[in-house]
Amino acid sequence: MTQITGVLGTDPRTIAGRSIPQLLLERASSFPDDTFLQKKHFGLWKPFTWSQTLNMISRYTYGLTALGVEPGDCVALISENIVEGFVAEYAILCRGALCAAMYPDMSVSEMEHILRDSAARVVFAEDQEQVDKALTLIDKVETLEWIVYFDDRGMWGYDHPQVLSVEEMERRGEGFHTKFPEQFEQVVGSVGLRDVAIISYTSGTTGLPKGARLSHEFLLDSGYRLMDAFNVKHGHEYLSYISQAWAAEQICGIALGVLAPMVVSFAEKPETVPNDLRELAPEFLLFTPRQWEMMASGLQANMFDAHPLVRRLYEWALATGKKHRDARGLSSKLRMAMADLLVLAGVRDNLGLKRANAPLSAGSGLSEEIFTYFHAIGIPLRNLYGATESGLVAAHWKGTFNARTMGQLLPVDPTIGTLLVADVSDTGELLLSGGARFSGYHNNPDASAESFNEAGQFRTGDAIRITEDGDMIFLDRVKDLRTLANGHVYPPQFLENNLRSSPFIKDAVIIGDENYDRVSVLINIDAEICGRFAERNGLGFGTFAELSQLPEVIEQIAKTIAEVNQMLDAPSRVASFCCLPKELDPDDAELTRSRKLRRNVIFDRYATAIEALYGDDDECDLEVVIKYQDGRESVVRSVVTIKRMENADD
Amino acid sequence: MRNTVLSAKSLRLTFGAITAVEDISLQVKTGQICALIGPNGAGKSSFLNCLSGFYSPSSGTVEFEGEDITGLTPFRRAEMGMARTFQGNQTYQSMTVRENILSGFHSQMRSGLLGGLLYWGGVQQENAHFINLAEEIIEFLELEPLRNTLVGELGYGLRKRIDLGRALGLNPKILIMDEPMAGMNTEEKGDLARFILDIRDARNIPIILVEHDMEVVMDISDEVTVIDWGKVISSGPPDKVRSDPKVISAYLGGGVV
Amino acid sequence: MIELVQSLSSGVLLGLLYGIVALSFVVIYRASRVVNLAQGEVVMVGAFLAWMAASSFGLPLYLAIPAALAMSACFGVIIERFVFRPLTGQPIFAVVMASIGLIILLRGATMVIWGPATRPFPQVFPLGAIEIGPILLNTALLIGGVITIICAAGLNWFFMRTDAGLRLAAVAEDHTTALSMGISVKKSAIIAWVLGTTLATVSAIIMLSGSVLGVTAAEIGFRALPVALLGGMESVRGAVIAGVLVGMAEALASTYLDPLTNGALSQIFPFILIILVLLIRPQGLFGWKIIERI
Amino acid sequence: MLPSGIIFKSYAAEEAFLVTRPQKLVFALFIVALFLFPMVGSTYLVGTVSVMMITMIAVLGLQITVGMAGQINLGQSAFVGVGAYVTAAMAVNYELPFWLAIPIGGLTAGLTSILFGLPAARIKGFYLALTTVAAQVMFPLAISRLPQSWFGGSNGMSMPSMELFGYEIWGQTGLYLVNLCFLIVFTTLAFNLQRSRVGRAFIAIRENDVVAPVMGINLVKYKILAFFIGAVFAGISGGLYAYYVTYVTAEQFTLWLSVIYLGMLLIGGMTSPLGAIFGVIIITFLQETTHEIGGYLSGRISFVDESVLFPATNILLGAVIIAVLIFEPHGMVRRWRIAKAAYRIWPNPHG
């Protein structure tokens, strides 16, 4: 399949033409006494109701006005996730200005680039540390006029005329407040849905970060997609702790926070997040894959200290969870109930995930192992695919679940209208259309133009494949794809990564470029796992070379390759492989010291084998020069089996 | 012009035949960090104990905010707003961090035995009010992740910080710190120095600081008094004291640099 | 006048009895900082051991008494080894509580082993009284008093003049210092307990010679504890002098005040006296003043 | 530690003893079960539990003096005795109802203790504990020497039965219910005290009585207060005891009993009122079981009889106290806390 079309959302909480500030006003008048924001402070969870929050926002807005911020200006923000940071951003949006948020750990030079590029007139800085950074730039960046800080700790001795506390800013706005009481609603009313709300800086892998201009509509639409797909209810709790500089937090916290609306909670301090998460047990949360991995490995490591009996019970429960979670039948259900009662419920409780009905993993792919682990525990972890420029595109939400895919296209807000459509171009690139549109890069018309093709589709730069079920599989960045002699484009990295995730395979070297018309692979087996496998099956072997050529081992590798092949279209599948008779070794310059492949060296040394992979013989004689540590060299000669995959031609 | 908060006038303290403090006078003014240094056995601790009421001086007077407090017991002085921290580890080990700091508010709280037993609404409110104040100190000293941890489970540096927090609970008009940095590593010393400066700047509490670490003392204090053999040998701003030949010889003679 | 002298001299003799029990408190405290509240029970066990040696084994007195002393020494070692050594390093409070556990344990054990019935205690010292002028002195108590003074002098010499004794004192001052000086804390504790239990047995023999033995013998413990506290827990001299003072006070109270108060005051008077003295000198008459350092 | 998903918005909510719904439910069921217990328990069992509850109040008082404030008290049973005698005198001589007589007994016991706490102004530690021994020694003497019309002298006093609104509270069941009510009230008071200003001051004194005064705590006042409140509990316990045994004599309140009280507290754990409750339950259970076993054996083994049983229990008791001190100096309460924490973080080994 090369094209799929999404669906319209059914949730009645649509955007209906309202920008974030307008939604904010409306929510505040509908539920003035409900909690909107909530922070842990002085050991308690301190709620801020909608009316309190709106009051704060309006005071900040007047303060910004008093500082001379006009609609369309840019205001920057550098802070951990705190209530004041959110309020400040809402105030910026209410003023009709653009918000450029920065990661709190940014260096001064990164900060300089963003302030300069966005032409920010005011920067909100959380505390003394951030103020100090901003102060070094106040004379360098011409547009920057004010630094407003939230936390006055350590600020007693500062008397720079352009530095003021947020209270001072509010005080300056007070006059405006009394003079024009209706002005706030007027200003807010004039902020349109299609106006640009934020400039989100993407950490470009090359060059300086580019500022993506995202409109209210864009943020809200992506928020709606999540809300509809994951059934995020009014009043669900959300723990905000990923920086506002990340577009995902803008969508989940800032936009979905007012759209659903959710209760947005803030941890006491960055280091108390795990603890606060446990206390809150939120319904909705979004972590990066790295954080999920850390959570899983932390739990595993913790369980290593448990009493052996407890550990066995835990392992039994995990195995039961893996095997029986979705199985039917009374015995399965009973076992599952048992495992849940004895172990798994406790694990979920300790992680603070017992109520999480939409725990999401966003960013790059999370390994299948981690997925199955969380699913076994009973945490319905889901993949979420999206990017700053494309918004949230796909996730596992239609009930089906395959950890290797990114899920299905998300439903679009019916008031936005146009359905999401995903196209795969000839080069394998995902092209998107529908939903709210990306408003281009700030100060960068060339890059903006490049990001759309002639048909007006957004070029994601991601190579994907669409399965028969309509799931999307992420293959590679388009620039990392390779072309075969017959012009077919395939994802070598995707293959290598997926093969490497098998325990039997230590390294996989994909062969296949414009000189060949099929894909083949050199496999460096994992000696330890394969050795254990051989022993368990009563197979004799003396050396690594012998082990690598055991028919049973080769069969095992073939099985793995067949599984990975399943995920790809026929021409991209591995057609033949062989197992290397010696381990790839940094001493032989085949790997770098950090275990990255040195492809040229490998291609040279194993040229005979590569030739055989594309020939007709089932075996080849391979001679490899080995250098010992003492500098001696010797030639190892061995017969290598060439295995051809049966499904390669269908 | 700064007001004098605490002044000791010609204090003298003897134990039998031993004279621990021969003649020390000291004045502390609002918003000042006033350091007291001297070689081991110079009489610093004995002097502090006279100030906080553990020992009664053989002669001389201690005046606090213009009142003569020489004869008052320690708890009366605490009620008046004189707080101190201690050498070594003197926190309440079996209480949590929050309870330790809360216990510093003792003399500001009013509820008595009956209130404690019945724990009726008013007492609960009072408790909540002071927990709130204690939490302010917890935030100030950056102890949030540990508020419910038993102090006995914490490391030495943190315990010293809790000792400080407890003293701040007294809502003091003057804070006496007895070798707060002894036994700390460089990082902990830096943290504590920052807290001490913040206490002076944000809370405007004058501080008497007895400390061994000369470098820190010279960095953060406004006034330095050097004593040796129970007598003041030099006093003034850090720069002046540093170059005083009497100080140099006392320190070289005492074998401590 | 004669009445006064008579009651004073009986008081002195009674006081010396208190003194030797108090001494057993002191030796244990000096080396191990344990205020053994079960010391009365230790006296009781010593008495039963002596009774057993003399009556059950039927040994002649000159053998029975050394046998009893030897057995009580073993008894001391056992207590030290199984009760107090495992508590080394615990707060003093826990150690005192252990001595409370010991009270319960020893009473129970005594009653199981020897039964609750009272029995006559062998006549160790000659019966009767010595007449000095118009004053009568109980012979047993008089001999006991002499023994007390000898013991006290001996202990004083031991603590002040011998290496082992000085070592005990060093341990008492400060365990860590003692350890750094290479003094075996363990050995000191054993010596202290052996001395303590043996002294207790000696005092039991003095107290009970020719009298009736039962579990009530343990009551001497809580009568002698105040004496030890009054003397200052560390002081050998103090224990004896405080004993004499308390004995005299008690005798005077019983002669002159009891008729007025229906006989109650003489038993309470020592306590009142001691508390009054402690109010003036909190560390006891001869205790070491501790300057609290913070 | 609490289960996840519980957040506090006020300190009062955080300070509450029962937070989660299961906690509240289990506790409510437990209380109901306690009230219904006489309907199923045998008379002997109900009586035993009654005595246990009376003892608990005395040990709760001891927990305050010794456990919270760290002041050794070797005379608790004397204060129980004062409470018993004063209650008896009020009930007999002035014909006061029990709900007046018992509190008066408690208060008198408290006031008496102040007399013995006063030396705290100068002395501390064992020296102070000595005054409690004095109280214990003085108690029987005082009772027998005071005018016979007050406390019946050495004959003791006979108690009237309890009456409430003109109805007589009769039998083990009635007494049980009254005792239970008193226990619930006084347990609550003890728990309340621990988290209050006064309780914190007590703990501060126990933890470090050199530093406490510098934190504004008046040592003398609070030490006396600790003796006072502990003795009030003892007095209440004594009043209930008087009604329970119907006849009061001075021999019922011995130093020995004080020692046993301390033992109970020790085994249960001194740092929490819960320790007092645990301790009484454990020791009563121990005594009752040895009694049962002994009763079973006495018919079969010649030398086992009543005279051996009681001391044998004491051997066990003493050994248990020493073992607890050596292996778990903080008593069963600490074990309980560890178990609770382990349950909360299950299956994780640490939080």
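**Rings, loops and chains**

Biologist: Are Tyr238(A) and Phe284(A) buried or exposed?

Modeller: This is a predicted model, in which local features need pLDDT of at least 70, side-chain atom pairs count only at pLDDT 80 or more, and totals for chains, interfaces and linings use all residues. Residues are numbered from 1 along each chain as its sequence is written, chains are lettered from A and ligands numbered from 1 in the order in which they are written, and side-chain values use heavy atoms, with hydrogens and water left out. A residue counts as buried under 20% relative accessible area, as exposed over 50% and as partly exposed in between, using a 1.4 Å probe and protein chains only. By that rule, Tyr238(A) and Phe284(A) are both buried.

Biologist: How many aromatic pairs does the structure hold over all chains?

Modeller: Rings of Phe, Tyr and Trp (its six-membered ring) pair if their centres lie within 6.5 Å, and planes under 30 degrees apart count as stacked, over 60 as edge-to-face and the rest as tilted. Over all chains, the number of aromatic pairs is 36.

Biologist: Which kind of pair do the rings of Tyr238(A) and Phe284(A) make?

Modeller: Their centres are 5.4 Å apart. Because their planes stand at 35 degrees, the pair is tilted.

Biologist: How many residues apart in the chain are the two partners, Tyr238(A) and Phe284(A)?

Modeller: Helices (H or I, at least four residues) and strands (E, at least two) are DSSP runs, numbered from the N terminus. Tyr238(A) belongs to strand 11 (residues 237-240) of chain A and Phe284(A) to strand 13 (residues 284-287), so the pair links distant parts of the chain, 46 residues apart.

Biologist: Which kind of pair do Phe504(A) and Phe533(A) form?

Modeller: The ring centres of Phe504(A) and Phe533(A) are 5.5 Å apart. Since their planes are at 90 degrees, the pair is edge-to-face.

Biologist: What is the relative accessibility of Phe533(A)?

Modeller: Phe533(A) sits in helix 17 (residues 527-536) of chain A, while its partner Phe504(A) is in the loop between helix 16 (492-500) and strand 24 (505-511). Phe504(A) is buried, with a relative accessible area of 13%. Phe533(A) counts as buried too, and its value is 16%.

Biologist: Which side chain of opposite charge is nearest to Glu126(A)?

Modeller: Glu126(A) lies in the loop between strand 6 (120-125) and helix 5 (128-137) of chain A. Lys and Arg count as positive and Asp and Glu as negative, with His and the chain ends not counted, and a salt bridge is a side-chain nitrogen of Lys or Arg within 4 Å of a carboxyl oxygen of Asp or Glu. Glu126(A) is buried yet has no salt bridge, and at 9.3 Å the nearest side chain of opposite charge is Lys133(A).

Biologist: Which chains have the most contacts between them?

Modeller: Contact means heavy atoms within 4.5 Å. No contact joins chain A and chain C, whose closest C-alpha atoms lie 28 Å apart. Among the five pairs of chains that touch, the most contacts are between chains C and D.
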